[in-house]
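Subject: Handover of a structure and notes on it

Dear colleague,

Please find the structure below, handed over for your study.

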Amino acid sequence: MRAVGLLWAVVCGLLLPPVTADEGILHASGSGVPPVTKDYCIIYNSNWVSLPNSLDNATFRALENLTSTVLCSSSEVPSGIMKDKAVVVMRGNCTFLEKARIAQNLGAKMLLIASKPRLSPLSDNKTDFEDVTLPVALIRYSDIVDMELTLGSEVNVTLYSPPLPEFDYSMVVIFLIAVFTVALGGYWSGVAELENLKAIASPGERATRRKKEENVTFTPVTVILFVVICCVMLVLLYFFYKWLVYVIISVFCLASAMSLYNCLAALIGEIPFGQCRLACCNKSIEVRLIFLAAFCIAAAVVWAVFRNEDRWAWILQDILGVAFCLNFIKTLKMPNFKSCVILLGLLLLYDVFFVFITPFITKNGASIMVEVAAGPFGNSEKNDGNLVEVPTERSAPHEKLPVVIRVPRLGYSASTLCDMPFSLLGFGDIIVPGLLVAYCRRFDVQTSSSSVYYISCTIAYAIGMVLTFVVLALMKMGQPALLYLVPCTLLTSSLVAWKRKEMKKFWKGSSYQVSDSSRTPLLQDDGTPGLYRK
């Protein structure tokens, strides 16, 4: 696995342009008492110059604001004004190399280039900068303005680049969301199964329950068809991302609104108050459900309108995403363990193939899965001196597929200062193992197994998630979570069934499952369904 990952990195390094985008921190201190300090984002090239990794090793310089000039000629500034200072000038008109050489010849110890456009990676032209010894960094012009307003005109600055933390607490939040969703989805599926069995035991409730039943059962054939559709859809997204991303966003809005309604309606149904009904067209509906539907639609619409507002839209996306996963796990039923093995096994191969194998097939050496998750890169590059702008916007600007749980990184680093990076977990890494957990819970209900399958499989899922995070931290590259989740959950479920001597029944599906409504259940002493009599 590690060898494949390293080979992939080599292929990417050979096929992609040599662009380095190192993020660092400019620490500014005002002259007041006590001094006011503030940090700002910078972009630099570590191949040109290295920065200290902490403030303890950094040297402060007085900042000279020369944003009124672009510094393409030494005659643009008075003599001696830059001596032993940090200088900030405007970007444009000449290359970074020309600006750096002029600043160094005039005695500057640090060069900041203020940019009104977004910050971009710096091209890797180390040989051109061999005679340049002062640090060169790109900073937002808006940050220079803020620095003057916040800290005053007399400011001391220094540059440093702290190492990225090995672990971020956003992973803990992702872990809790994933385990909670899988556990709750499995439990909800078990509750629905128990209600179904009780309804079948009562002839008067059988017809009513059948009308309410909205489950979809996956057979081995439909499992294979489902995986084929996933493969085709991923390839189509890779080639036609620009248009299909909006189709996915629209489908997500509709499906998440319906899922949120189903989840909240199940909770509201347990509340014995506010059950007044409104009659219309020979039918009646609870008024509170009308308001609930309006609320769910409004939540999906608000997310659709403000989906690119990273500061808070991720919260709404995660709520809608959790509701979608819960409803999917509860609604889609796996009839037996055999279907679970086929589904999880094929999707594991699907995940590994599109993450690790496709880099050897695609022209740019990039993983199809990673490209689709982030949005394919555009092909255009714009040169501005020694600045190579590789657009971070994809073929559909700013648009990302909303099929992930997103949590912003919580640790302080240059990345969090420059942007708002997120830890991501795809819906598939929740839903696919969740279907197995739901089957285990239904099997517990059908066989009165005291939740042993459900609890064991849920714990195995949690262990698989921890293993995923550990490998992610060690390899420092994206991992297909199913590579660890599938073996953990399948092996644990199999061991429990083997230990309880129920493997045959677990593999084929419990004999207590109702496939023929003409069978009459025998109730146990507590009123729950037991064996079936044909």
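Helix H3 is followed by Gly-152, whose phi is positive, near 95°. Helices (DSSP runs of H or I, at least four residues) and strands (DSSP runs of E, at least two) are numbered from the N terminus.

Please note that this is a predicted model, in which local features need pLDDT of at least 70 and side-chain atom pairs count only at pLDDT 80 or more, while totals for chains, interfaces and linings use all residues. Residues are numbered from 1 along each chain as its sequence is written, and side-chain values use heavy atoms, with hydrogens and water left out.

The barrel and its helices

In this model, 7 strands close into a barrel, and their order is S2-S3-S8-S6-S5-S4-S9 with mixed pairing. Two strands are said to pair if DSSP finds at least two bridges between them. On average, neighbouring strands of this sheet are turned by 40° against each other, direction ignored. For such angles, axes are lines fitted to C-alpha atoms, for helices over the stretch in contact, and the values run from 0 to 180 degrees between N-to-C directions.

One of the pairings joins strand S3 (residues 37-44) to strand S8 (residues 136-140), in the antiparallel sense and over 3 bridges. Within it, Ile-43 stands opposite Leu-138 in S8. Helix H2 (residues 96-105) packs on the sheet, where it touches strand S5 (86-90), strand S6 (110-115) and S8; contact means heavy atoms within 4.5 Å. The direction of H2 makes about 140° with that of S6.

Helix H3 (residues 141-151) runs at about 75° to S8 and lies across several strands, including strand S2 (22-30), strand S4 (61-66) and strand S9 (155-160). Which residues of H3 are buried? They are Asp-143, Ile-144, Met-147 and Leu-151, where buried means under 20% relative accessible area, exposed over 50%, and partly exposed in between (1.4 Å probe, protein chains only). Seen down the axis of H3, these buried residues fall within an arc of 105°, so they line one face of the helix. The arc is that of the directions from the helix axis to the C-beta atoms. As background, an α-helix has 3.6 residues a turn, so residues three or four places apart point the same way.

Salt bridges

A salt bridge is a side-chain nitrogen of Lys or Arg within 4 Å of a carboxyl oxygen of Asp or Glu. By this rule there are 6 salt bridges. Among them is that of Lys-85 with Glu-64, whose closest N and O atoms are 3.0 Å apart. This pair links distant parts of the chain, with Lys-85 in the loop between S4 and S5 and Glu-64 in strand S4, 21 residues apart. Lys-85 is partly exposed at 25% relative accessibility, whereas Glu-64 is buried at 18%.

Arg-140 forms another salt bridge, with Asp-143, at 3.5 Å between the closest N and O atoms. Here Arg-140 is partly exposed, with a relative accessible area of 26%, and Asp-143 is buried at 13%.

A residue in helix H14

Thr-468 is placed in helix H14 (residues 452-475). Is Thr-468 buried or exposed? Its relative accessible area is 6%, so Thr-468 counts as buried. Leaving aside neighbours within four places in sequence, Thr-468 is in contact with Ala-481 and Tyr-484.
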